[in-house]
Amino acid sequence: MLDYLKSPVQTFQDFLILSGRSFRNVTKRPIYWNDILMQMDSIGVGSLPIVALVGAFSGIVMTLQLSRALATYGATSQTGQVVSISIVRELGPVLTALLIAGRNASGIASELGSMKVTEQIDAMRALGTDPIQKLVVPRLIATAFMQPLLTAIADFVGLLGGLFIAITIIGNTANQYWSSAIDILALNDMVQGLVKPFLFAIVIALVGCFYGMRTTGGTQGVGLSTTKAVVVSSVWVFVIDALVTQIFVSLT
Amino acid sequence: MPEPILLFEDVCLSYDDKLVLDHVNLAVYPGDTFILLGAAGSGKTVLLKLAMSLVQPNSGRIRLLGHDITNLKETELFEIRSEVGILFQEGGLFDSLSVEDNVAYPLLNQKRLITGEAEIAGRVKESLEFVELGHTLDKFPSELSGGMRRRVGIARANVTNPKLSLYDSPTAGLDPITAYTIMSLVIKQRELRKTTTVLATHRYQDGTMAANYRWDEASNDVVRAAPYGQYANLNTTFIVMAEGHFAFAGTQQQLEASRDPYVSQFVLHQPPPKIGLGGERGHLPA
């Protein structure tokens, strides 16, 4: 029983050690700007189409679902409010995080995992670079910087999707939709909507790097760590979401 | 007696309760060549990684170039590692970098070695020409054959003019002709740049070449240093590893004379004949 519990505790401890070293290295020299920019391009710009697409559809679907409920209470003029609150607070950050976890935690874990099993990480250390500095820190910075931006874009596109349904099916005017959507948003919502993706990004990048760096057992091991990285980072997204939501709810 | 370049004192290492190195002692002096023979999993690779402190031992001390590297921080190790070249088993080349950038990598990233761009380009070219791959600068590792990747790995390991070169199974999985080329390059590096060499391999022929061949500048090839049937030795020590300890350490003559059933397999290339059945395998019983 004790052995059964030991392994997850050990894994978590290793994760904390990697996280600690990564945070310490963020401000240390040398800073690999080229790697940071490349990762920003691959994580940020590369994820843009899928994030926008999913954002738009989540806005469309949610507005469709809400249209009947709102009509029951004769509150269709409030469509904008409901859509913007749920997208900015929850759907935007979480859906974007899940997409980034699926697309980038897996990408990071498989790339670093392949480097690990082909001894490229050892080679890096042998040839004078710290793999944390060269591989983990650029991915961490790039994800933490790009994910809030991607979330903001997903929120906006989601609101556009909602607007489309509100005009064509519910019969709102654009003016009515936008004014109710924007009026309801308080500072708390905006901060919440940007703090969440920032925290999700840190966890996604670190979990991806963590499982990549501890890959063993050849190509099979790479597949295994990729799967683990996606599953674990997705679970953490929900755990952190619950914690942060609780904090913000108690603040208001 | 000069100070050893690499010294293992009673080094033990275990992974998940499995003993990988069992009280290993080793002293490599400048100009020596060490050939580590051993079956897969006998601890050859891990010994080379310990020598560069890519892995830390559980107990014992390791001294590299006069520094005790057993408990040094990663940042303090970079300086010392820059004087050692290492070729990894599959080459360990960076897939995302071109051949030129791969070979330039140690020069660009090791503080002691950072120089002007022109000098780096010159040294990269020289190092690649040394392994006769001067024409592959712009290629990527995925475009090269297995033997060429190993040669680029040798160029990268030696571009810094290291005092000690470590080679991990440089000829594994290669055809005999390519394996011969790789070993010639190892010998060329050893002779022309006076590099101390530690080479892990499972091929006895690699050891024979290292012990008996010299680089001949005139013919641009290796030549035997002693007539056939005689041993040149050339400061070469053979070590046979078995399950984390040294089953044998000595010269080529001593190795060939060994009647230990495990050790002699590396010379005979087949399991030792069973007592009483010797004749059937074409060798005398032990």
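Predicted model: local features only at pLDDT ≥ 70, side-chain atom pairs only at ≥ 80, totals over all residues.
Two strands count as paired here if DSSP finds at least two bridges between them. One spot to look at is Leu6(B), which sits opposite Leu64(B) of strand 4.

That pair belongs to an open sheet of four strands in chain B, ordered 2-1-4-5, with antiparallel pairing. The edges are taken by strand 2 (18-28) and strand 5 (67-68) of chain B; each has a single partner strand, so one side of each is left without a neighbour in the sheet.

Chain B also holds an open sheet of six strands, and here the order reads 6-7-8-3-11-12 and the pairing is mixed. Strand 6 (84-87) and strand 12 (245-250) of chain B are the edge strands, again with a single partner strand each, so one side of each goes without a neighbour in the sheet. Going from one strand to the next, the twist averages 15°. Within this sheet, strand 3 (residues 33-38) and strand 11 (residues 236-242) of chain B run in the parallel sense and share six bridges. Ile35(B) has Phe238(B) of strand 11 standing opposite.

Next come the helices. Helix 6 (residues 176-192) of chain B lies across strand 3, strand 7 (164-168) and strand 8 (196-200) of chain B, and runs at about 160° to strand 8. Helix 6 of chain B also meets helix 5 (residues 146-158) of chain B: their axes come within 10 Å and cross at roughly 10°. Angles under 35 degrees count as roughly parallel, and helix 5 and helix 6 of chain B are therefore roughly parallel to each other. On the helix 5 side, the contact is made by Gly147(B), Arg150(B), Arg151(B), Ile154(B) and Asn158(B), while helix 6 brings in Thr178(B), Thr181(B), Ile182(B), Leu185(B) and Gln189(B). Sorted by class, the residues of this helix 5 and helix 6 contact in chain B come out as three nonpolar, five polar and two charged.

Finally, there is the interface between the chains. Here 17 residues of chain B are in contact with 11 residues of chain A. On the chain B side, the elements giving two or more residues are helix 2 (74-81) and helix 3 (99-109) of chain B.

Notes
Residues numbered from 1 in each chain as written. Chains lettered and ligands numbered in written order. Contact = placed C-beta atoms within 7 Å. Axes fitted to C-alpha atoms, helices over the stretch in contact; angles between N-to-C directions. Parallel < 35°, antiparallel > 145°, perpendicular 65-115°, else oblique. Nonpolar A, V, L, I, M, F, W, Y, C, P; charged D, E, K, R; others polar.
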